[in-house]
Amino acid sequence: MFIPLIGLTLFWSTIFTSEAVANTQEPSREEIMNSRMDYYAKYNDMFVTWHYLAAIDQYERNIQAVRKDIPKREGVIALQFSKEYWAGALNPNQDDTSIESIQYFGGMGLDGDGDGKADLANDDDVMYTMKTYLSQYGHSEEDFKIALWEYYKNEKVVNQIISIAKLYKHFNTIDLDTHVFPVPVRGFNYSYRGTWGASRGWGGRRIHEGTDIFAGYGTPVVSTSYGVVEIMGWNEFGGWRIGIRDNHNTYHYYAHLAYFNKDLKVGDIVEPGTLIGGVGSTGYGKEGTSGKFPPHLHYGMYKFNGRTEWAFDPYPSLTQWEKESRKKK
């Protein structure tokens with residue numbers, strides 16, 4: 001009698017354990033993206049379009065990922081307000097959810113889901129509050145810029161969010177995380193290795209903030225990511241160079257180019273694989289200087305955290321994108 005009972009107990013224990021694991025399983029990337037889009041679509045209208053809300057939310061998510069002084073918000077939406085802004089600077093209860101007292105103390109928190117509370121931890125309340133704030137300024141891009149300036153008081157932050165909004169509007173999606181290797185992985189010879197931090201002498205002692213990809217003169221150089229062309233032209237160190245900003249606050253820097261794609265200009269939107277120029281040996285001098293080193297692409301990556309921007313080693317990303325690009329081919 002005891003053996004069947006033990007077997008039955010183990011059977012039901014296995015079933016319940018499997019169900020518990022299934023219920024606590026992390027959502028897939030696709031499910032996360034869909035959940036975010038559901039919120040953006042819910043608060044989308046002709047005055048505040050979804051890509052504006054999505055751009056602010058993504059910017060907030062970006063800086064939370066790299067700033068230790070900003071807590072990561074729990075929930076589908078990363079957008080968060082300070083307690084002082086939400087409840088009112090003079091409110092003795094900084095965790096206040098009462099609509100009446102929040103309004104009395106001049107707080108901006110609103111009730112988005114109709115439950116009678118303005119809860120800073122509620123995704124609907126947060127989204128509705130931001131939408132209401134933006135709608136006060138108008139529905140044009142210029143109005144959006146003004147609203148962002150009044151909220152963040154930082155021109156670079158405003159430009160970053162505008163770029164993200166442009167990408168979301170152009171591609172009509174927030175799923176813009178595909179990357180490719182910056183030169184063709186087949187049909188051209190190239191080589192590279194990790195050179196992050198190596199010393200450089202021209203123009204004064206400095207470290208190498210990137211990875212050099214050596215290739216034949218004129219080898220096509222393509223955008224590794226979705227992004228907006230932020231800068232394009234001559235730099236005495238980088239020669240003919242181009243800078244592209246993506247939706248993760250990352251600046252992609254391509255230097256020493258022999259030429260630019262003649263159809264490309266500052267403000268244009270690119271995607272992975274968009275031709276931006278060709279490998280060259282320009283730089284280390286006045287405009288037009290070339291040939292002071294073998295032809296190669298200098299590729300750098302910089303992260304903006306809402307205050308400052310710093311370089312980080314692109315080599316791990318490049319090795320991963322090279323593998324992925326070869327698989328796609």
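Helices (H or I, at least four residues) and strands (E, at least two) are DSSP runs numbered from the N terminus.

The model is predicted: local features need pLDDT of at least 70, side-chain atom pairs count only at pLDDT 80 or more, and totals for chains, interfaces and linings use all residues. Residues are numbered from 1 along each chain as its sequence is written, and side-chain values use heavy atoms, with hydrogens and water left out.

The protein chain contains nine helices and 12 strands. Of its 329 residues, 45% count as buried. Among contacts between residues at least 6 apart in sequence, 59% join residues at least 24 apart.

H8 itself (residues 155-171) has 17 residues and reaches 25 Å from its first C-alpha to its last, close to the 24 Å expected; the expected span is 1.5 Å times one less than the number of residues. Its buried residues include Val 157, Gln 160, Ser 163 and Tyr 168. Just after the helix, Asn 172 takes a positive phi of about 55°.

The structure holds 24 aromatic pairs. Rings of Phe, Tyr and Trp (its six-membered ring) pair if their centres lie within 6.5 Å; planes under 30 degrees apart count as stacked, over 60 as edge-to-face and the rest as tilted. Phe 171 and Tyr 226 form an edge-to-face pair, at 4.8 Å centre to centre and 80° between the planes. Because Phe 171 lies in helix H8 and Tyr 226 in the loop between E5 and E6, the pair ties together parts that are 55 residues apart in sequence.

Another loop residue is Thr 219, between strand E4 (211-215) and strand E5 (220-222). Not counting residues up to four places away in sequence, Thr 219 touches Val 183, Pro 184, Phe 188, Gly 277, Gly 278 and Val 279. The two loop residues compare as follows.

| Residue | Relative accessibility | Class |
|---|---|---|
| Thr 219 | 4% | buried |
| Tyr 226 | 15% | buried |

Strand E11 (residues 296-304) pairs in the antiparallel sense with strand E12 (residues 309-312) over four bridges, where pairing requires that DSSP finds at least two bridges. Tyr 302 stands opposite Ala 311 in E12.

Terms used: Buried means under 20% relative accessible area, exposed over 50%, partly exposed in between (1.4 Å probe, protein chains only). Contact means heavy atoms within 4.5 Å.
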